[in-house]
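This briefing concerns a predicted model.

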Amino acid sequence: MVTTAVTSSFFSVGPSAPESGAKTSAMVGVGGSSSSDVCGIRCKSSASSKGLNVKANAHAPSKVNGTPVLGVSSGLEGLKSDEETPSRSPRTFINQLPDWSMLLAAITTVFLAAEKQWMMLDWKPRRPDMINIDPLGLGRIVQDGLVFRQNFSIRSYEIGADRTASIETLMNHLQETALNHVKNTGLLDDGFGSTPEMCKRNLIWVVARMQVLVDRYPTWGDVVQVDTWACASGKNGMRRDWLVRDCNTGGILTRASSVWVMMNKETRKLSKMPDEVRAEIRGYFLDKPPVIDDDGRKLRKLDDNTAEYIRKGLTPRWSDLDVNQHVNNVKYIGWILESVPSPIMETHELSGMTLEYRRECGRDNVLQSLANVVTGASSFDGLLDSGNVECQHLLRLDDGSEVIRARTEWRPKHYSKSFGKLGGS
C-alpha cells in the first residue's frame, strides 16, 4: 500500500476497478445541463450551485409505495454483472515495466548469430606479422605513404581449366592497385590515373614496357596481398613495380615491373613530362631498385614467313575499351595467347613474359596474333620432357602496323620453385 502511494506520486496510475459492489457513484457536472446516474435518478442543477457534484446511493429502493421505479432493476442487474467480472489488478510501477526477459532473449539470439558468422570467417591472420592484412580489401598506404597495399580474394569466375587464377586475373589486380594508389594519395583527377596537372594538359599514362614473373598461381579462395609503388624512370617516364604475396604463407607469388610514359589524349601522340607534373608526383616516388632485373634481350619482329602460328580476325568488343577510349592493356595478353599451340597450353603454364607496347588499339581495329616457338621440344610429343619452352609473339593490325611485341616463357605444370621471401618489403 505504501509502495503504491509513493510510486503513484511519480507515475500516473489509472483509476482502480470498482470494488465488489458495495457502492457506486456517478459524478454529475452541473453547468446548465442535467444527467442521470446508473440507477436512473435524475439530478438538476441550480444556478447557485455551479460545479456541485451529487452522489447517488447505489441501494435505491426498487419500489416506491408499491410502484416499481423505472431503470432501477436494470441498473442493479448491471451492477451484478460487474461484480461477477474479475477485477483487474491495480496499475503500479512494477507491472508497467517492459518484459525484460523477451528483450534479453532477443539480444542473446543476435549475439549468438554474430558469433557463429565470426567463427566461419577464414581471413583471420595466422602469423603475428600479418595482423593488418586488410580483410575488407579496401587497400591502405604503408611504408611512410609510398607503398600501397591491397588484398584480393580469388573468385570462382577468375580461375581457369587448371583451377588456378588466370594471368589476366593477376594483371587486373596489378592495374587495380596502381589506380587505387593514385586515388589514395589524392592525385587522381577525372582521368584514368591522371593527376590534376595532367588533366589540364590532356595527358594520360600509357604503358610502354612490362615484365612479369609468376612463381605460383593462386587457387580459388586464396587471398593475395599486392604491394605497389612508383619510381622515376629517365626524364619523361615512370616505373611502377608490384609484389604479390600469399596472405597465409607470406610467400611471393608474382613480381612485375613496368615503364609508363605520357600521351596526349587529343593528338594520341607521346608527350614529354611537363615540369609541373614532375613536381606534382616527385614526392610520391620510392627510391628502390626494380623487383625484376631488366631483360636486355631484343624482341624480334615476326612476319608471315617467320611466324609458325597465326590467328586472324581478332576484333575488340565494347567492353574491352577503357575510359581513355582504347583497348585495355590486359586484353592484349589474351590476344597474344590465342596463337599459342594447344599442346603447350595443356602441358605447360606461363611463368614469365615481356611486353613492348608499340601503339594503341581502337574499337574498329582488326588484329592478327603471330607466334613462334623458339626453344623446347622438336615435336609436341616431347613437350612434357622438354623443360621450359620460349615463344615469340607479335600482335599487329591488318595493315601490318605493330601493336605489341612479346616474349613468353613456359614451364611444365608439375614444376615448382620458390623465390623465397623478400625482407624489408
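Asp246 is buried, because its relative accessible area of 7% falls under 20%. Its side chain meets that of Arg216 in a salt bridge, with an N to O distance of 2.8 Å. This pair links distant parts of the chain, 30 residues apart: Arg216 sits in the loop between S7 and strand S8 (223-233), and Asp246 belongs to strand S9. Arg216 counts as partly exposed, at 32% relative accessibility.

**Salt bridges around Asp295**

- Asp295 forms a salt bridge with Arg297, in which the closest N and O atoms are 3.0 Å apart.
- Asp295 counts as buried at 16% relative accessibility, whereas Arg297 counts as partly exposed at 37%.
- A salt bridge also joins the side chains of Arg407 and Asp295 (2.9 Å, N to O).
- The partners lie 112 residues apart, with Arg407 in strand S16 (residues 402-412) and Asp295 in the loop between helix H6 (275-281) and strand S12 (309-314).
- Both Arg407 and Asp295 are buried.
- Through shared partners, salt bridges connect Asp295, Arg297, Glu390, Arg407 and Glu409 into one network.
- The count of salt bridges comes to 25.

**Largest pocket**

- The largest pocket holds about 760 Å³ of space.
- Its lining comprises 41 residues, and Trp205, Val206, Val207, Trp260 and Val261 lie nearest the centre.
- Elements that each supply at least two lining residues include strand S7 (203-214), strand S9 (237-246) and strand S10 (252-264).
- Helix H4 gives the most to this lining, with 7 residues.
- By class, the lining of the largest pocket has 27 nonpolar, 8 polar and 6 charged residues.

Key
Residues numbered from 1 in each chain as written. Predicted model: local features only at pLDDT ≥ 70, side-chain atom pairs only at ≥ 80, totals over all residues. Heavy atoms only, no water. 1 Å grid on protein atoms, 1.4 Å probe; cavity = no way out; pocket = protein on both sides within 12 Å on 5 of 7 lines; lining within 4 Å. Points joined across faces, edges and corners; volume = space filled by probe spheres on them. Helix = DSSP H or I, 4+ residues; strand = E, 2+ residues; numbered from the N terminus. Nonpolar A, V, L, I, M, F, W, Y, C, P; charged D, E, K, R; others polar. Salt bridge = Lys/Arg side-chain N within 4 Å of Asp/Glu carboxyl O. Buried < 20%, exposed > 50% of the residue type's maximum accessible area, 1.4 Å probe, protein only.
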